Amino acid sequence: MDQTFALPIYLDLFAVFLMAATGAIEAIRREFDLVGLLGLSFATGVGGALIRDGIFLQAGVPAVVRNQDYLYAVAAAAVACLIFGRRAVLSERFVALVDAAALGAYAVVGMEKSLAFGLDFAPAVLVGTVNACGGGILRDVLMREEPMVFRPGQFYGLAALLGCLTYPFLRQTFGLPPLTSALVTIAFTFLLRVLAITRNWRTVPVRDHGLFRRRNPPVA
């Protein structure tokens, strides 16, 4: 692809807001104090972007501290959940749906920034997937849980990976404009996650695959 684009900042901020909201809701559910709520909101909202910029791309000061709007988005999510989040804390499905709305946007942002930085396709997919899942991983680790992306479940990491693959596929195969490709990818990733949640499509442990199943010894 010989052309990259800058995702409109409001979509990036919306993704940060949604991801930070999942952290805030979990903090309320766990009865954290205000510092804990803000800390978990920050780690969840911008954790993937910090990993992308600070570890993989190393392109100077991370975007989330160069532009104060990202911090405002995290703070707004924390305040909104404090005001309106009482019912939300009772619904794990609601948290998953909010997370799904941010997953595709983060996948596209990670892919776009990686390709613009000059990474080859495979490393760009890796960085995009980490960008999408990083905040959720940090959230789960800080709550001393196994990260959702590593557990058998409803297509979380797989949805992020497919989102990262869909964006360049739409641009190269169909020649769609960059922004159109991004919006279609975000919608596709969200729809996949929603279908996985509502229809309970799940991955299974590797030990349940045929290659790892224990075969009963032959009966004499």
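Me: At what angle do helix H5 and helix H7 pack, and are they parallel, perpendicular or oblique?
Reply: In this predicted model, H5 spans residues 92-117 and H7 spans residues 156-173. Their axes lie 9 Å apart and meet at an angle of about 45°. Angles under 35 degrees count as roughly parallel, and 65 to 115 as roughly perpendicular. H5 and H7 are therefore oblique.

Me: Is the crossing of H5 and H7 left-handed or right-handed?
Reply: Two packed helices are described by the angle between their axes and the distance between the axes. The crossing of H5 and H7 is right-handed.

Me: Which residues make the contact, and how many of them are nonpolar?
Reply: H5 brings Asp99, Leu103, Ala107, Met111 and Leu115. H7 brings Tyr156, Ala159, Ala160, Gly163, Cys164, Tyr167 and Pro168.

Me: What is the volume of the largest pocket?
Reply: The lining of the largest pocket has 26 residues. Nearest its centre lie Glu92, Ala96, Met148, Arg151 and Arg193. The volume of the largest pocket is about 580 Å³.

Me: Which element gives the largest share of the lining of the largest pocket?
Reply: The elements giving two or more residues are helix H1 (9-29), H5, helix H6 (121-142), H7 and helix H8 (178-198). The largest share is five residues, and it comes from H5.

Me: How many residues of the lining of the largest pocket are charged?
Reply: Ten residues of this lining are nonpolar. Four are polar. The charged residues number twelve.

How values were computed:
Residues are numbered from 1 along each chain as its sequence is written. This is a predicted model: local features need pLDDT of at least 70, side-chain atom pairs count only at pLDDT 80 or more; totals for chains, interfaces and linings use all residues. Side-chain values use heavy atoms; hydrogens and water are left out. Axes are lines fitted to C-alpha atoms, for helices over the stretch in contact, and angles run from 0 to 180 degrees between N-to-C directions. Helices (H or I, at least four residues) and strands (E, at least two) are DSSP runs, numbered from the N terminus. Angles under 35 degrees count as roughly parallel, over 145 as roughly antiparallel, 65 to 115 as roughly perpendicular and the rest as oblique. A crossing is left-handed if the near helix is turned anticlockwise from the far one by less than a right angle, and right-handed if clockwise. Contact means heavy atoms within 4.5 Å. On a 1 Å grid over the protein atoms alone, a cavity is a set of points where a 1.4 Å probe fits but cannot get out, and a pocket is an open set with protein on both sides within 12 Å along at least five of seven lines; lining residues have an atom within 4 Å of a point. Grid points are joined across faces, edges and corners, and a volume is the space filled by probe spheres set on the points. Ala, Val, Leu, Ile, Met, Phe, Trp, Tyr, Cys and Pro count as nonpolar, Asp, Glu, Lys and Arg as charged, and the others, Gly among them, as polar.
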